[in-house]
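Okay, thanks for coming, everyone. I'd like to walk you through one model today, so let me put it on the screen.

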Amino acid sequence: MRDHFEARTFDGAGRVGELRVPRAGVTVETPALLPVVNPHIETVTPNELETEFGAQILITNGYILSQSEDLREEALERGLHDLYDFSGAIMTDSGSFQLAEYGDIDTDTEEILRFQHDVGSDIGTPVDIPTPPDVSRERAEAELATTQERLELAETVDVGDMLVNAPVQGSTYTDLREQAGRHAAGTDLDVFPVGAVVPMLNSYRYADMVNVVAAAKRGLTTDAPVHLFGAGHPMMFALAVAMGCDLFDSAAYALYARDDRYLTVRGTEHLADLEYFPCSCPVCADHTPAEVQACDDASRERLLARHNLHVTFEEMRRVKQAVRTGNLLELVDVRARGHPAMLDGYRALLDHADQLERTDPVGKDAFFHVSAESSRRPEVLRHHQRLARLSVPEGTDLLCSEGEKNDDFDETWRLAAPFGPYPRHLSDSYPLTAELPERRSREAYETAADGVAALAEANPEVSLTVAHWQWPDSALARLPDGVAVRPLGE
Ligand SMILES: [Zn+2]
């Protein structure tokens, strides 16, 4: 049992939890955003991140510090918390990113972990190998073996009460990611970054990202805090949290600002293309795009970085509230409309509905059926699993109807797309209390037919009749042989 992390409230695989960071003496509420602080370029100071934006944790590069002539000694002497004037938790990276980028670094796991400890880092990182997507299986396996050796070595380094990351690699091979997750969970390391997803995110491969995270999560345990390493665009927070990510780091706020790019929850805009700011943060409330455009480079970068941070923290708060309310998947659904690749990510998420179902709460306030994808939510899957276990007395003449009760039958159950049939006494229980649109998608009716099929299969000695309002032929075709069909309103 990892006693430094506790997931408190779930929605799907998403959770609001607490990460206790003993060395900093702080508890970080998750999902959390770690702004990346570049030791050499402080677009926004760590103190501002804490006091103005509410950052409870940040990440900085331990390797760059260790190689920096001007900062190395100062960091060792003063410690990171004093150097940065930041009282929250500080995570440090090891140089693995530089290794992936430049092919070579001048340190090893033991040395860099000790250095991270000596500068006062609260969560350190060994030197893992970030294997990019789509490499040969041989390479992915060999590099994963090296990463795993380094995790085992990291376990033996005495770093006091500094927490240590156990990165999960494996490229785009989901079986390797799952195995890597299981191995990492078996170490006594503390935080679990899913590594090398940045190339996927940069090329909008959100479905691949979801599949890789889902695989890592299958190997990890529920008490393992998961960091989506290098992910900081607010448009994908809801999606990644729904798959079970707890930590995110954003260099995007500063990098994008340097490029005159303006973050929104629907994607990225170029400042030059904006006539209006679709945001009410202090920057956008006080300036027009033309005014920001007219600023000198340093002021413009600073203003854009601040807006980018505001929108990023705001989205994280929105995601946490959605987990608490139980409507995270509805937020994912909204975000999925921002870009076709996000829709692919959402659909990939729903391919893992069985995985989401395991931690999805049995009861929530409301289920809003808002799209064809709503039919594939874990609540619908759970209802179908329940139908497959429901036993109806042999010989019952059962009507499943979208219309009225009918006394010609032994019993009448309700029928509602996308759920399928259910006994009337369940009408007031979640998710059958769902708010449904009058005009549902073809998929909703097809899914309801699958529910009828699950019930029929579990109860072969029951005579089933489906009474429906204009179901599409594709849904009627999915009803098993032997189920009688009665169109209503004719
Ligand atoms: Zn703004």
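**The annotated spot**

Let's start with Ala 196, which sits in the loop between strand 9 (192–194) and helix 9 (198–202). Quick housekeeping on that: helices (H or I, at least four residues) and strands (E, at least two) are DSSP runs, numbered from the N terminus. Also, this is a predicted model, where local features need pLDDT of at least 70 and side-chain atom pairs count only at pLDDT 80 or more, while totals for chains, interfaces and linings use all residues. Residues are numbered from 1 along each chain as its sequence is written.

So, is Ala 196 buried or exposed? Buried, with 27 other C-beta atoms within 10 Å. The cut-offs: buried takes 20 or more other C-beta atoms within 10 Å of the residue's own, exposed is 12 or fewer, partly exposed is in between, and the C-beta atoms are placed from the backbone. Leaving out residues up to four places away in sequence, Ala 196 touches Pro 130, Thr 131, Pro 132, Gln 169 and Ser 171. Contact here means that the two C-beta atoms, placed from the backbone, lie within 7 Å.

Why pick this residue? The UniProt annotation "binding site", from an unreviewed entry, covers Asp 128 and Ala 196. They span 69 residues in sequence, yet no two of their C-alpha atoms are more than 10.3 Å apart, so they gather at one spot. A caution on UniProt: positions are in the numbering used here, feature names are shortened, and annotations may be inferred rather than shown by experiment.

Asp 128 is in the loop between strand 7 (123–124) and helix 7. Asp 128 has 30 C-beta neighbours inside 10 Å, so it counts as buried. Again leaving out residues up to four places away in sequence, its contacts are Ser 96, Thr 147, Arg 150, Pro 167, Gln 169 and Gly 195.

Back to Ser 171, one of the residues that Ala 196 touches. Ser 171 has a positive phi of about 55° although it is not a glycine. It's in the loop between strand 8 (163–164) and helix 8, and with 25 C-beta neighbours inside 10 Å it counts as buried. Asp 85 is also not a glycine, and its phi is positive too, near 55°. Asp 85 lies between helix 4 (80–84) and strand 6, in a loop, but it has 12 C-beta neighbours inside 10 Å and counts as exposed.

**Helices 7 and 8**

How do helix 7 (residues 137–156) and helix 8 (residues 174–186) cross? Their axes come within 11 Å and cross at roughly 10°. That makes helix 7 roughly parallel to helix 8. For the record, axes are lines fitted to C-alpha atoms, for helices over the stretch in contact, and angles run from 0 to 180 degrees between N-to-C directions. Under 35 degrees is roughly parallel, over 145 roughly antiparallel, 65 to 115 roughly perpendicular, and the rest oblique.

On the helix 7 side we have Ala 140, Glu 141, Leu 144, Gln 148 and Leu 151, which meet Leu 176, Ala 180, His 183 and Ala 184 in helix 8.

One is open, with 3 strands in the order 1-2-3 and antiparallel pairing. Pairing means that DSSP finds at least two bridges between two strands. Strand 1 (5–11) and strand 3 (26–30) stand at the edges with a single partner each, so one side of each has no neighbour in the sheet. Strand 1 and strand 2 (residues 14–21) are joined by 6 bridges, and Glu 6 has Glu 18 in strand 2 as its bridge partner. Helix 15 (residues 297–325) lies across strand 1 and strand 2, at about 115° to strand 2.

Another open sheet has 5 strands in the order 16-15-14-17-18, with mixed pairing. Its edge strands are strand 16 (420–422) and strand 18 (484–487), each pairing on one side only. Twist averages 30° from one strand to the next. Helix 20 (residues 442–458) packs on this sheet, touching strand 14 (397–401), strand 15 (411–416), strand 16 and strand 17.

Last, the cis peptides. The bond from Ala 417 to Pro 418 is cis, with omega near 10°, and Pro 418 is in the loop between strand 15 and strand 16. Tyr 430 and Pro 431 are also joined by a cis peptide bond, with omega about 0°. Pro 431 lies in the loop between strand 16 and helix 20.
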